[in-house]
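Me: I have a structure open and would like to learn how to read it feature by feature. Could you walk me through it?

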Amino acid sequence: MTAWRETSPDGRALLVTVLLTGLTTFMFLPLLAIELTGRGVAAAEAGFLVGLLAFSSQAFSLLTGFLVDRLGTRAVLAAGFALRIAGYVLLGLGGPGLVAGVVAVGVGGSLLGLAIKTRLVAEDGPGPRAMLALRSTFVNIGVVAGPALGAAVYPLGFRYILGACVLSHLVLGIRLVARAGRRAARPGPAVAVAEPPPENRWGRAHWLTLLVLGVAYWAIYSQLNVVVPIAALAMTGSTAAIAVVFTVNGVLVVLCQYALLRHVFARAANRTLLALGFLFFAGAYAVLLAHAGWFSLLVFALPVTVAEMLIGPSLDEQAIRASSVRRTGIALGAMSAAGAVGSLAGASLGGVLVQLLSGDGVWLVLISVSVAAAATSLLLPKARVRHA
């Protein structure tokens, strides 16, 4: 792959870390509730712990971004790996340490995710857009392969999966933190920070618009976990239908994410990519109005995946390009926080819509919100903002 050759050795190490941490995460995450209930934990408590894990991985994004900017990525990476290892050990021990283990895994994942993303976009290579696309590709390899690998290992015992998580994080942590230390010790030329020209500088209104788009994206995307599974079961009569959608989604992202942003839309402005992505969301939910069973569901998977591939990296890239060099971490943290708000609000409102609206009302609301978000994207500055 040309992009791999263009990426610096440190960038490659970061991408391998993204792949392996994602793989081990999705080995244990889909099985966590099953394992907890199998240990005698009440279903309600197991659900709470799974929700707490998701909350812990997103709730502290702004603080994590501040720490990345203030302390540097090496210290945050070390803390993230240490917390995750401790969390996996506590999950294996069970008992009163379960809550602490879940929080440690979640917060550790937040630290790792933002530190790695901040380092990646600063690496020598094909540029922030391409690096974010590569990161998304490697994450989705873990999303696709992790559950299958976890299912294969689970008959041996859940502790084997947790052991793999601990071992991989220990090896990756030592390697990555050591590389970061060597890099910090190497002398280099002073880098001048270039401020964008006055016409490209962002005000509060521009940032607020971007954050609103981040909330809207995750609110719309979260319906794949709430409304779409219910509709998929009703349309096909199969509980496996939503799993097929996620599998198609993951495979398409792995195969097409980089090529789409690096080659097809290489010269497009971020606001254009965002507007197109939200229009693809509208098209995806419009497909479900046909009620054509499996056909509608499989066709739905294509535009919804294109929307994900266009919007996710573009939001992060726009935040990076609009921020100063020394505030990249908090800019990415703000986008992650917007994602947390959008996911929670979207999941909650999706359930309410299912109860209140009948027929195609839910899809019409989602189509309207997607079109409104596409129009809102055009409020962002047209000119590209760049920093050194």
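**Reading the helices, rings and cores**

Reply: Let's start with Tyr217, which counts as buried because its relative accessibility is 3%; buried means under 20% relative accessible area, exposed over 50%, and partly exposed in between, with a 1.4 Å probe and protein chains only. This is a predicted model, in which local features need pLDDT of at least 70 and side-chain atom pairs count only at pLDDT 80 or more, while totals for chains, interfaces and linings use all residues. Residues are numbered from 1 along each chain as its sequence is written, and side-chain values use heavy atoms, with hydrogens and water left out.

Me: Which helix holds Tyr217 and Tyr221, and how many residues apart are they?

Reply: An α-helix has 3.6 residues a turn, so residues three or four places apart point the same way. Here, Tyr217 and Tyr221 both lie in helix α10 (residues 204-221), four residues apart, about one turn of the helix. Helices are DSSP runs of H or I with at least four residues, and strands are runs of E with at least two, numbered from the N terminus. Tyr221 is also buried, at a relative accessible area of 12%.

Me: How many aromatic pairs does the structure hold?

Reply: A pair of aromatic rings is described by the distance of the centres and the angle of the planes. Rings of Phe, Tyr and Trp (its six-membered ring) pair if their centres lie within 6.5 Å; planes under 30 degrees apart count as stacked, over 60 as edge-to-face and the rest as tilted. The structure holds ten such pairs. In one of them, the rings of Phe28 and Tyr88 have centres 5.4 Å apart and planes at 90°, so this pair is edge-to-face. Phe28 belongs to helix α2 (residues 9-28) and Tyr88 to helix α6 (residues 73-93), so the pair ties together parts 60 residues apart in sequence. Both Phe28 and Tyr88 are buried.

Me: Which residues do ring pairs link into a cluster?

Reply: The cluster consists of Tyr217, Trp218, Tyr221, Phe278, Phe281, Tyr285, Phe300 and Trp363.

Me: How many residues are in the largest nonpolar core?

Reply: A nonpolar core is a set of buried Ala, Val, Leu, Ile, Met, Phe, Trp, Tyr and Cys residues joined through side-chain atoms within 4.5 Å. The largest has 39 residues, and those with the most contacts inside it include Phe278, Phe300 and Trp363. Helix α14 (294-322) is among the helices that each supply at least two residues, and α14 gives the most, with eight. Leaving aside neighbours within four places in sequence, Phe300 is in contact (heavy atoms within 4.5 Å) with residues including Leu224, Val245 and Tyr285. Another core, of 30 residues, lies apart from the largest one; Ala13 and Leu261 are among its members.

Me: How many disulfides does the count come to?

Reply: A disulfide is a covalent bond between the sulfur atoms of two cysteines. With the cut-off of a pair of cysteine sulfur atoms within 2.5 Å, the count comes to zero. Cys165 is buried at 0% relative accessibility, whereas Cys256 is partly exposed at 32%.

Me: Is helix α7 largely enclosed or open?

Reply: Helix α7 is largely enclosed by the rest of the structure, because 20 of its 25 residues are buried.
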